[in-house]
Amino acid sequence: MRRFLTFMTLMFLCFAALPAQVSFTVSYKRVSPTEIDVVFQGKADPGWHIYSTGIGDDGPTPATFNIDKSHGIEPAGKLKPGPGEKRMNDPIFEMPVVFFEGTAVFTQRLRITEKDYELKGYLQYGACNDESCLPPTAVECKVSGTDGPAAGEKKEAAPSVPAETAVTDTAVRPAAAVADTAAVAALPADTATAGNWWVPVIDELKGFGGEEGNVADKAWWYIFLLGFVGGLVALFTPCVWPIIPMTVSFFLKRAGDRSKGIRDAVTYGVSIIVIYVALGLIITSLFGANALNDLSTNAVFNILFFLMLVVFAASFFGGFEIALPSSWGAAVDSKAEKTTGLLSIFLMAFTLSLVSFSCTGPIIGFLLVEVSTSGGSSLAPTIGMFGFAVALALPFTLFALFPTWLKSAPKSGGWLNSVKVVLGFLELAFALKFLSVADLAYGWHLLDRETFLALWIVLFALLGVYLLGGIKFPHDDEEERHTSVPRFFLALCSLAFAVYMVPGLWGAPLKAVSAFAPPMSTQDFNLDHVKVEAAFRNYDEGMEYARRTGKPVVVDFTGHGCVNCRKMELAVWHDAKVRDLLMKDYVLISLYVDEKTRLPEPVTVSEGGKETTLRTVGDRWSYLQRSKFGANAQPFYVLLDNEGHPLNHAYSYNEDVDKFVDYLQEGLSRYKN
């Protein structure tokens, strides 16, 4: 078991250590004497997706083909995406988006019109994962030759493509190489006069450390903890809890000495872990991380899961019983009695898994979808099931080691059914979350924010009434006349939560449920019209204003197509403390790295020993982020003084309001000192 855990840990670290990236290669194909196809082939790491063509102006960066220079050759039609496109309605942008996962192919056909021809162009694309987005990125291409229509009609010669551009490999990583400081002089004139504002401060920034840590490690512990909590909940159900004392007593009586009984009970617990971890591995191998991640955005899957949770909730309320065929459990149990040794113990653990399915099935189903859509790792289901199994196996092992604890353990009774009913209410609440995703995808507007909150308010109010004894379900104990102290406090929490959500019907942000409720933009009636917007979208203008007013600066590297940027602005910036700091104590500069406004003329800069062409305003801000701060993902926040020096470490996506307030106040304190 120790070797297995070590192997799983090493596998996870290997996955977490791989830098997320998107890479493209360029190839050329002569399809006729007067036509050439330029083929861009992209590859994205797991969790990343590349946006396709045909996305609206207010959405993420679409793939486009652009020309810097051309003579005797022109585009023949639009850029064509290859097979494998996926479509969804993005709930943040409230518009349909098209993207690729894994691989992407784009083809641009060119028509030769003259004997001598030359074209310099580039593919521009956008890519995101669940945490951040890359800025619009260019993949260069070049075609030239002297075999145009006059000569090309006699033979189908390949175009004269320089050897060094025949295949281009452009790897894009969140942290780019440091640019040459001298490249600042190559920028447009207004930035050349910006003095120290453009000088790299990467080492200074690193000197402050960082607050984020390893995101993958956070996800790993979150997934394990989520699974562990699910396992603890499963313990306190009528299908599992009564089995614990019977099983432990069986093992202790089965052996001639207590040590062997303890060993067998521990083996039984380990067998439970192996069974559920194997289930997680099977789920991962059958569907893969990308397919499971589709559950978070795919409308059909979300509708199916909504219906499944409603059915499970009805079962928990006592409407009917969901169970695997009894013959399965009987067959495995019979096999366990006929075998001996470790196999017998393993089969007994498998029998437990089968007979407890009616209670653990809904919890496992929700767990698998939740960890798959939030973990971002191909090992997420396995890690989640490992946490679930550890919690489920823990009491068998502990009661075997300390059998006297069995006497003080709570006896089975009506409280176990109450646990199932409470789970039923929670299943219904989470079911609405998945229905909301489908509603946003199809644009039905059946479950806008106020409707969603109204249903949650009613559900948690009814849960509080149930815990106080005001509602009875079929399997509840009719003789129970009093409300226990734990039930009272749980009812108090549920009713208070329902009251807390009431102001949300009039536009209160309700940060505690912001991850579940539909976006604020779906709410028809909203009394909160406060907006937090940057006063400047030009770095140099904002820095000059800050110098004249004597204020520090918050530079916000963002994007029109950055989902998590919008989440930060809604969940964090609108907090009163954050809003006051951003609007009163700082100068806020938002730089959109996907801004498509073209520069007066393309600018070539030296970056990492290579030449990079800046064509748009977004290119310019992306270059600033890479060259000055050594980063290339959004959202990305950095605090500066009037000379362009950092006041604190960089800050990225984190919806902890207090943490962001401390971050801003710490930078303000350093500026004043």
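View 1. At 42% relative accessibility, Phe488 counts as partly exposed, a term for residues between the limits for buried (under 20% relative accessible area) and exposed (over 50%), with a 1.4 Å probe and protein chains only. Phe488 sits in helix H17, residues 485–501, where helices (H or I, at least four residues) and strands (E, at least two) are DSSP runs, numbered from the N terminus. Together with Leu468, Val485, Phe489 and Leu492, Phe488 forms a nonpolar patch on the surface, with about 480 Å² of accessible area. Patches are made of residues with over 30% relative accessible area and no salt bridge, with like charges joined within 9 Å and nonpolar side chains (Val, Leu, Ile, Met, Phe, Trp, Tyr) within 5 Å. Accessible areas come from the Shrake-Rupley method with a 1.4 Å probe, and for residues only the protein chains shown count as cover.

The model is predicted, and local features need pLDDT of at least 70, side-chain atom pairs count only at pLDDT 80 or more, while totals for chains, interfaces and linings use all residues. Residues are numbered from 1 along each chain as its sequence is written, and side-chain values use heavy atoms, with hydrogens and water left out.

**View 2. Phe316 in helix H9.** Phe316 belongs to helix H9, residues 299–316, and with a relative accessibility of 1% Phe316 counts as buried. Although Phe316 and Val422 are 106 residues apart in sequence, their C-alpha atoms are 8.4 Å apart in space.

**View 3. The salt bridge of Asp147 and Arg30.** A search of the whole structure finds 14 salt bridges, each being a side-chain nitrogen of Lys or Arg within 4 Å of a carboxyl oxygen of Asp or Glu. In one of them, Asp147 pairs with Arg30, and the closest N and O atoms are 3.1 Å apart. Asp147 lies in the loop between strand E11 (133–145) and helix H2 (149–152), whereas Arg30 lies in strand E1 (residues 22–32), so this pair ties together parts that are 117 residues apart in sequence. Both Asp147 and Arg30 are buried.

**View 4. The salt bridge of Lys86 and Glu101.** Here the side chains of Lys86 and Glu101 meet in a salt bridge, at 2.8 Å from N to O. Because Lys86 lies in strand E7 (residues 86–90) and Glu101 in strand E8 (residues 95–101), the pair ties together parts that are 15 residues apart in sequence. Lys86 is partly exposed, with a relative accessible area of 28%, whereas Glu101 is buried, with a relative accessible area of 18%.

View 5. In helix H20 (residues 576–585), the buried residues are Val578, Leu581 and Leu582. These residues cover an arc of only 90° around the axis, which puts them on the same side of H20; the arc is that of the directions from the helix axis to the C-beta atoms. An α-helix has 3.6 residues a turn, so residues three or four places apart point the same way. The side chain of Lys577 meets that of Asp658 in a salt bridge (3.4 Å, N to O), and this pair links distant parts of the chain, with Asp658 in helix H22 (residues 657–672) and Lys577 in helix H20, 81 residues apart. Asp658 is partly exposed, with a relative accessible area of 46%, and Lys577, at 45% relative accessibility, also counts as partly exposed.
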